[in-house]
Amino acid sequence: MEKAFARSNDSLTAIYEFAESILAANEVSDAARFSVHLALEELFVNMVKYNPEAVSDIDLDVSATANKVTVTLTEYGVAEFDVTVPKKVDVNAPLEERTPGGLGVYLIQNLADSLEYEYGDGQSRVTFTKESGI
Amino acid sequence: MFDIQHGDDGVIVCTGRLDAAQCEKGQAFMDEIADSSTLDFDALEYISSAGLGILLKTQKRLAANGAALKIINVNNHIRDVFRYSGFNAIFDIEAK
């Protein structure tokens, strides 16, 4: 099921409700739902943050089967930002060496079972999957 | 929906979903904390990297004065996020 959302963090509640309705209807496990919501938020927030000049809505497509959840986000008129490029974060660093930020992409790459990125003609598309865990 | 407030027993009670849209509210509350404090996550369902950033920023500020945050009643999903992020080594965390 597909729906467009305004390019703003204020869309996050509506995005959660949209995705949750699909995940709940397909009896996706609690653990998989948490991971899907988290990866989805991190991707959406990244798109909002790193392409502030873009004005078009962000298209969100969420589907779920007994085996897996597939989520695709598409945005238009934006610069390339490949979220599949490995993000190095030293999660073992002591508190004094830790800095806020940078965890979002790291979490996406660790939570998703697969992560794909396509870019062309100003169109950026990210697709991730997660086992449904049913 | 996210809420944060002082509980009856001295702990700070967090409720709902701490996502990027709720960061400003969470950060404003945490900026008022000056001493070691306990956060009760019993009713916190969800946290994203934006929420983790608030916790980390507060912990670093408090550590400069020898204080720290303790987080209790953490659900399994949030505990996994803490583990992925290495937060279990820099916070005193108690599971539900």
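Q: In what order do the five strands of the open sheet in chain B come?
A: They go S1-S2-S3-S4-S5 in chain B, with mixed pairing. A strand here is a DSSP run of E of at least two residues, a helix one of H or I of at least four, numbered from the N terminus. This is a predicted model, where local features need pLDDT of at least 70, side-chain atom pairs count only at pLDDT 80 or more, and totals for chains, interfaces and linings use all residues. Residues are numbered from 1 along each chain as its sequence is written, while chains are lettered from A and ligands numbered from 1 in the order in which they are written.

Q: Why do S1 and S5 of chain B stand at the edges?
A: Strand S1 (2-6) and strand S5 (92-95) of chain B each have a single partner strand, so one side of each has no neighbour in the sheet.

Q: What makes S4 and S5 of chain B a pair?
A: Pairing takes at least two bridges found by DSSP. Strand S4 (residues 69-74) of chain B has three to S5(B), so they pair, and they run parallel. Val74(B), for one, has Ala95(B) as its bridge partner.

Q: Which strands does helix H3 of chain B lie across?
A: Helix H3 (residues 76-85) of chain B lies across S3 (37-47), S4 and S5 of chain B, at about 105° to S3(B). Angles run from 0 to 180 degrees between N-to-C directions, with axes fitted to C-alpha atoms, for helices over the stretch in contact.

Q: How many residues does each chain give to the contact?
A: Chain A gives 21 residues and chain B 20, where contact means C-beta atoms, placed from the backbone, within 7 Å. H2(A) gives the most on chain A's side, seven residues.

Technical notes:
Contact = placed C-beta atoms within 7 Å.
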